[in-house]
Structures are given as C-alpha cells and as structure tokens.
Amino acid sequence: MRTRRKLIEVALPLEAINEEGSRRKRKAPAGYPTALHKWWAQRPVAAARGVIFAQMVDDPSEYVDVLLGDPETRRAAERELKKRRALYEALVAEADPGPPPRLEDCAADLERQRLFRLIEQLVKWENTINEDVLQRARDEIWASWRRACADNAGHPRAAELFDRHRLPAFHDPFCGSGALPLEAQRLGLEAHASDLNPVAVLITKAMIEIPPRFADRPPVHPGAGRLRHWRGAQGLAEDVRHYGQWMRDEAEKRIGHLYPKVEVTPAMVAERPDLKPYLGKRLTVIAWLWARTVRSPNPAFAGVEVPLASTFLLSTKAGKEAWVEPVIEGGGYRFTVKVGKPPEAAKAGTKLARGANFRCLMSGTPIAGDYIKAEGQAGRMGARLMAIVAEGERGRVYLAPTPEHEAAARQARPEWKPETPLPDDPRNFWTVQYGLTTFGDLFTDRQLVALTTFSDLVGEAMARIRADALAAGLPDDPTPLRDGGEGAMAYAEAVGVYLGLATDRAVDYNSTVATWRPKDSAMRSTLAKQAIPMSWDFAEGAVFGDSSAGFENCVAVVASVLDTALGAGRGVVTQADAAAASRKIGVARLISTDPPYYDNVGYADLSDFFYVWLRRALQTAFPDLFVTLAAPKAEELVATPYRHGGREQAEAFFLQGIAQAMHRLAEQSYPAFPVTIYYAFKQAETEGESGTASTGWETFLDGVIRAGFGISGTWPLRTEGDNRQVSIGSNALASSIVLVCRPRPADAPTATRREFLAALKAELPAALRNLQKGNIAPVDLAQAAIGPGMAVFTRCASVLDAEGKPLSVRDALALINATLDEVLAEQEGDFDADSRWALAWFDQHGFAEGEYGVAEVLSKAKNTSLAGLTQAGIVESRRGKVRLLPPAELPADWDPATDPRLTAWESVHHLIRALEAGGEAAAAALVATLGVKAEVARELAYRLYVIAERKKRAGEALSYNGLVQSWPEISRLAREGGAGATEPDLFAATPG
C-alpha cells in the first residue's frame, strides 16, 4: 500500500493554531462548544480542527510533480528559486550554506504556505459556520483522498478501503466533551465517538448525533415562524429557548415565593444614602451571599454561631467598591454593607491563614481546622446570610441581609436529594472531612427544591413538545431518540436533552461550593477547578434572576451552541471503554483522540456531580445510559490510588489499560492516515539541572511505542492561555502535545546506537529547516523537533546500545536534543563573520561589557576585527571594554540599502527595534529593503533565542521569539508595500 506523508508529519502553522486556541481559552464567545456543558481538559476547537485537517491533507512534497506541471505554480516556484539562489550566492562567499536550492523545494514550500494560510482561516472561531472556508478545507481533503485512491487502485482491499466517493469515517474512543468528533464532522467526515462516562456520551450526542438528525427543520412550538429558512440546528435551538422559557415560568409559579425580591426601605436609605434612588423599589436578587458558621470555641460565647468568612469583600471594581462589615451588639452580631474603599481587614474576613484556620468574630479566639472538622462531622455547621446582591439600574447593588430573606431561604423543604456518597479522596474532594459526605450535602435546601423542580420539568416539557410536534406535522413514530427515531417522540426527547444540559449548567452555579468573585462582581461556578473544594462563604444564585445562575441564562447559553451547529454529516456516539469500542469498530477509521493521562483528572468522580441530576431529568429517555446510581468507575483509565489500593497499583492499572487501548488504536487505524493523540501533562513534574522535565512524558512515549506505533510528529499546543516559556533544552511540555503516529511495520529492522545517531544527523537538519520555514516559534522548536527525531527512533523495532541493550526513550530524547543543538550551531555557518563573532560574544556576555583583549582574540578567531565591528554598528568599544549595542540604542534612521557593512546581527536587532517601537508595519519597511537577506536575520533570531533562553535572559528571549512569531504579518506587509506586489490566491484549488 502506498501512503503519502501528511502535512502534520512535516510542518504546521503552529503559532496561528496556538494563538486562536489560547484566545478562546481566555474568553470564549457566545456559541462556543465548550459552553454546552462542563467538562475537563477540553481541547480548543481551533486545535482540533487544524490538527484533523493537517492529518488528512498530503504534504506538498508528496505531489510536487503535479505542482510543477501547473504553469502558474511553476512560474511562482521559479521566481522563488531566483530569490533563493541570490541568497545562496551571497552566502557562498562567507560560509558553506549547504546544498543549493531546488525548484522542487520552492514549489513545495509555496504550496505549503498556501495550505498554512487556509489553516489560519480555518481555525478562527469566526469561520466556524463559514461555508466558504469550510468547503475549501473539504476540497483539500478530497483532493488528497483522490490521490490516495489512485495510488492504491490495485490494492487487494481497494474496494473496501479506497472508495473514491466516500471519505473514511472518524473515531475518537475517548470523546469527552466531543470537540474532536465535532470538528471532524464539520470537515465533512462521518463522526463516531465513544466514552465510558455517560455524561461525556450525552454531551457528545448533543454535539454530533442530535443536530444532524433534525437539521434544517423549523421549530415546532406554537407561534414559531415557519416561513423563514432554518439553517442547521437553528430550529432546534429556537425550541430549546421556547420550552426553556416555559420551564422557567412554570417553576416560578411553583417555587417563586422562595426567591423574593428585596425592597429598599427608608431604614436602609438612612444607613446608606447611596440607596436613595432605589427607595421603595423592589429589586430582583442576583445572589445571596452566605458564610458557613460553627459554634464559637470560646466558652464565653459557646451559644454563638460565628462566621467562617474567607473575605468580607463584595466588589473591588474601581468606584464600585463594597464590603461586609460585622457589627457586634447585644451578645451577638449582625452584618451590614458599606460602600467605598474597604479597610485592609475586610480582605481576610475572619480567616487567619491558609486552610481552615479562622478567628472567632466575638472574641478573636483562633478556630483550628480540626475543631471545624469536628463541628461539621457532628452536623453542627450552619450558614448565616452576609449580604444580598441585587440588580440595579447601573449595575450591582449590595444590600445588608434582612430577616425576611433569611427566613425565605429556610422555609424550603426538599422532597428529594441525591444521596450518592462523595468519594473519600482528599486530593480532589475536600468537603468530606467537614461532614459534607454526599452530593446532596453540597446544596442548600432551597437549591435542592429549585434543581429538583427544574429536573422534573424536563419530563413535563418533553410531553408538551411531543404534542406540539404532532400538531406541527411530525410523524407519530414511537421510536425513541436512543434508537434512531426522528418522529415527534424522538424530537421531544432531543429538545429534552438540551433542557437537561441547561439544568445541569444551573447545577454548576447553584451549590454551596459556588462562590462570589469580588473582582468581577459575578459568580464563580462550582467546578471552576478539577476538584470540589471546600468553600467557607458561598453565593446562592437566584434561579429566576439575570445572572450566570439564572435558568433563563443557562438555557440561552446552551441554545447559542446549537446556533453554530451546522448539522452536517452523520454522528454516532456509544457508551464503551476504549478497548471495547475499538473491538466493535470492525473497520479502519481515521483516529484522533485525547485519552486521560494518569491521574490528572478524576473524570468519573467529578462527573457524578452532574450525573445525579441528569439521571433524574433524562433517565426515561436514556434508561441504558443512566441505569446505575453513579457513573461507572471500575474500568475508568485513571490512576486513582484510593480506588486501586495505592499509588503503585493505580499506576500499574493505568499503564496496562492505556497500553491495551493504544494497541487497539494501532490495529484499527486507517492505513492511509496517521493517528493523532493528545497528551495532557502535569506541568513541572520533575525539576532537573536543565529546567523543567517530565518523566510522565517519557513514560507516555514509551507506552505509545510499545503499543506498536512509530512517532512522526510531536506538536506543542499552548491551550491554557498563559503563553508559558518552555525550556528548549529539556523538552519541558506546553499545556498539551499532539503526537502524530503510524503503526510500525511488523518487519521493522533493528539498529545500533551509531546507526541511529548517523540517521539523526542526516535527517534532522532538513526537518528543522521545514519547521523554521513553517515559522514555528523558537519557544516551540525543541518540542516540535522531537517528532522527526522520534520518527528515526521508532521506525526501528529497537535501537541497541554498545552492550546490545535496547536504548531507552530517555536516552533517545537526550540524543535528539544533542543533535538538535549541533544542527542549530551548524546553522551559524550561514551567517557573516561579524555576526558569528557577535553570537559567540552574546553567548558569554549578552549585552553587558567584557574585556577588550578577550574581544580582540575572539575577533581573530572569527576572521574579523573590532574596528570593523565598530564600523558595522554592532559594538561600542571604550576604556578597555567592549559591549554589543542592544536594539534600543541602535539608530532609528538606519537604512540597510546604504549600509556599507550590512550584517545579519545588525539586521535582526534593527528589526526588533522597529517592531517594538513602531509595530509590524515599521519592521515590514526594513524587510522590504533587506530583501532576501531578511530570511538570514530570521534564522539568526532562532539561534539567539536558544542562547537567551538557556542563559535565562527572559526579556531578550521574548524579543527574539516575538520577531519570529510576527514574521508572517511582517512579510505580508512587506510584500504589499513593494512596487507592483500582489497577494497570491491563497485558496486556489490544489492542482491534481
């Protein structure tokens, strides 16, 4: 079988993918898929979409003959070759620049850049439902697929594997929140997904299975506009909004008395004149802020329940500051609310130190954590209302508690609560030791009443929807949604799924673990972390108010996700563990997956927080999915020590399970495509001399290799929005890594360490240049270079050392790193003599002063002179000292066209000066003048980043990294500023 290398096995526009992923992590827009339901370690859709596209599209080096057969493409490649030859000839006089440029490489590079520009457009959230961009991406996938079919027309299984009229199906056996199958579906593939966790299965069904089934249909509720065109799942979204509003209104009729408005009285205004505009008005409550209480440990106040408040701050927004002030009177205390700049003491509340350490409000007596645990376990932990947050005309209004509002909360009488026990896992569940031992204990009585009401209304809403669907003309088909139904009953259950997810969103914001954020004057959800922490003061949201906790808002968020669902392509989601799912596949599929890693997230334990409510709302629609009282845990691939009898047993369970799952993936993967596997890691797992490293990373690589995979790519994704600088010398990890893998042939040879090292030195330079041409950021270069290095290592069955023992993954990584260092050092041969001197001096001194004599000796070794270096504008020499001139001290009127001694060193630092002072347009003006020599400056920036990062010169490293990251835009502006320059058609169809 002939297979062509895919784009992801050669190069990626990684910075564009990372920037979009990080941007959406910082602030997700309305309709973003992650908003549908809480899940952990979600992959940004930018990464998922870009990776799957690059996984399916051929690298241009695989069809360069077709490219050169197109006259227009050939002319463009010849123009590029002319530029590169000019640069090559300029370098020949200074150093050995390696083999001369080739027409084939120019054509492939230009085509690669065209694909990069498409990916840059494809990953933008704004283009999620842009059919023009999506169709261009699908066309590229089909072009590659047709080539694969033609290549293998004579294959014995051609009819089965290479159907020219149908793309291979996609499968993700660890689907989680469904981001990967959703993006595969968007790119035109039939998407299959599976997960052991029923919450994950339901979320993914809502993402990829339900919208296509009811695509392009109008809503069914009475009064819905049936004449307009309802695209994708917009009709479904409209029904979710309508029946969600019905649920909200119906719930308010039943339990609205538990959520009263707050009246601003004359007494309140007398104490707070700023409330005068609201006198006599009844304001809608956004949240009630409570503090947990225990009896005072001081015998003099044994009957007083004192607050455990981590802060008394309500708002820290400038000009809108507010805080709670406790007033001690009559042997007790009350809370009042003040506005203006708060005193320093308000910040800490009654908290003394980290953990459960407080002080008695009445006496100042310390309250130790053990005392609080004992009170909680004895059932004596209570709660006291501290403040009320209401909706004002110009923002939040903070009010002191009233007896009426505290009484309203306490009159709630729940008829049901989830009795599922919380796991005794102190690492992730912190409430058990304080007496909150079941999921039901995490809610107030009023919250239990509200959430039970909404859960039960989901079933009532489904009955109404079915009746309305029949009236709207849907067939009276009794086949339920779970069995593939498309009639009135199935549609009612489909809308019910989203109403259940909206209820679950309300659950996330309506527990006693949800807290108030004074900085934002807003609520923080229960599961803001990958744990259920203990909260001391909490925010009880108003389910009928206009805030994150309000049910109407929860419905709106869920419906907005449906608005962006195209409903294109079939989706199938099943509940199964990864090994079982792979066995059931039966046919090869394209695979991209994000497996759990070790013990990072206890998915099953955490998901029970939602499962218990989804089960109550949707068990009739999905009896098999919600058959158990809690989510399945025994087969979950997570190394949970408390479940497996200790850390060693948990690790053994995980490694064995993940090895089996990976082995199945290797067996079931489609032979024409690589497999992509996301590796999520623990940051700073070990600390070594060279920086942060990860033994877990080595373990994971080893497991993938043992499963029968060869590795051809390792792409670092910065998906957390922190843009952390990653050590180039130690393979420290970004927030996740995408491994690109292909099954290793059964007849793979054995190699010696010497042969492995020779192959590395022969192949890594070309791979590195491809990465640099792809404008990969210097900060990501070392991690990405692991891919081609591991490709050499894993194409062998084993690599043997001098003693005949297999080389470990750790040793292989060390050799790859060492070879990378050599290749980067050898690239210095591309630079002029002055720049080579500056590199060596920078390595030792940075921009600090050094001895003249040492500088003079070094200049002789580098075949230059200090007089010439001074003339070139690189150094300053005086009083027996020499120093390199930093960018800020370079002349702003520098013109490379008139510089008699132009150097790469000077060029890169003037570019940094221009970029940091005048932005990309200023740097582009210099690039336009530098011409072909600008590329040498960019190459030098990579080398300078390596030196600056290793020497821990963070500011300088950021400058060099920033220049490379900005290079695509600088180049574009330089081209557009040139005489007669035109922008190429980046989205023209792929030749052939």
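A residue is termed buried when its relative accessible area is under 20%, exposed when the value is over 50%, and partly exposed in between, with a 1.4 Å probe and protein chains only. By this criterion Arg-147 is buried, at 7% relative accessibility. The structure is a predicted model, in which local features need pLDDT of at least 70 and side-chain atom pairs count only at pLDDT 80 or more, whereas totals for chains, interfaces and linings use all residues. Residues are numbered from 1 along each chain as its sequence is written, and side-chain values use heavy atoms, with hydrogens and water left out.

The protein chain contains 31 helices and 29 strands, assigned as DSSP runs numbered from the N terminus (helices, H or I, at least four residues; strands, E, at least two). The chain has a radius of gyration of 32 Å, close to the 30 Å that the globule rule gives for 992 residues, and is therefore as compact as a globular protein of that length. Here the radius of gyration is taken over C-alpha atoms, and the globule rule is 2.2 Å times the number of residues to the power 0.38. Along the principal axes, the C-alpha trace spans about 90 × 80 × 65 Å.

Of the 992 residues in the protein chain, 58% are buried. Among contacts (heavy atoms within 4.5 Å) with a separation of 6 or more, 73% are accounted for by residues 24 or more positions apart. The chain exposes about 39,000 Å², of which carbon and sulfur atoms supply 51%; accessible areas come from the Shrake-Rupley method with a 1.4 Å probe, and for residues only the protein chains shown count as cover. The 118 positive and 127 negative charges have mean positions 2 Å apart. In this count Lys and Arg are positive and Asp and Glu negative, while His and the chain ends are not counted; each charge is placed at NZ of Lys, CZ of Arg, CG of Asp or CD of Glu.

Arg-147 is located in helix H6 (residues 131-151). The C-alpha atoms of Arg-147 and Arg-4 are separated by 9.0 Å, although these residues are 143 positions apart along the chain. Arg-4 is also touched by Glu-9, together with Pro-674, Ser-712, Val-740 and Arg-742, when residues up to four places away in sequence are not counted. Glu-9 belongs to the segment before helix H1 (14-26) and is buried, with a relative accessible area of 13%. Between Glu-9 and Val-799, 790 residues apart in sequence, the C-alpha to C-alpha distance is 22 Å.

Two strand residues are partly exposed. Arg-295, in strand S5 (residues 285-295), has a relative accessible area of 34% and is partly exposed. Its C-alpha atom is separated by 7.9 Å from that of Glu-375, 80 residues away along the chain. With neighbours within four places in sequence left aside, the contacts of Arg-295 are Ala-302, Val-304, Glu-305, Tyr-371, Glu-375 and Arg-380. Pro-326 is in strand S8 (residues 322-329) and is likewise partly exposed, with a relative accessible area of 23%. Beyond residues up to four places away in sequence, Pro-326 touches Phe-312, Arg-334, Phe-335 and Leu-361. Pro-326 and Gly-789, 463 residues apart in sequence, lie 64 Å apart in space, C-alpha to C-alpha.

Asn-961 is buried, at 3% relative accessibility. Apart from neighbours within four places in sequence, Asn-961 contacts Ala-777, Pro-778, Val-779 and Tyr-945.

Ser-521 is buried, with a relative accessible area of 5%, whereas Arg-879 is exposed, at 80% relative accessibility.

Cysteine residues were examined for disulfides, each defined as a pair of cysteine sulfur atoms within 2.5 Å. The count by this rule is 0. Cys-106 is buried, at 0% relative accessibility, and Cys-554 is buried with a relative accessible area of 0%.
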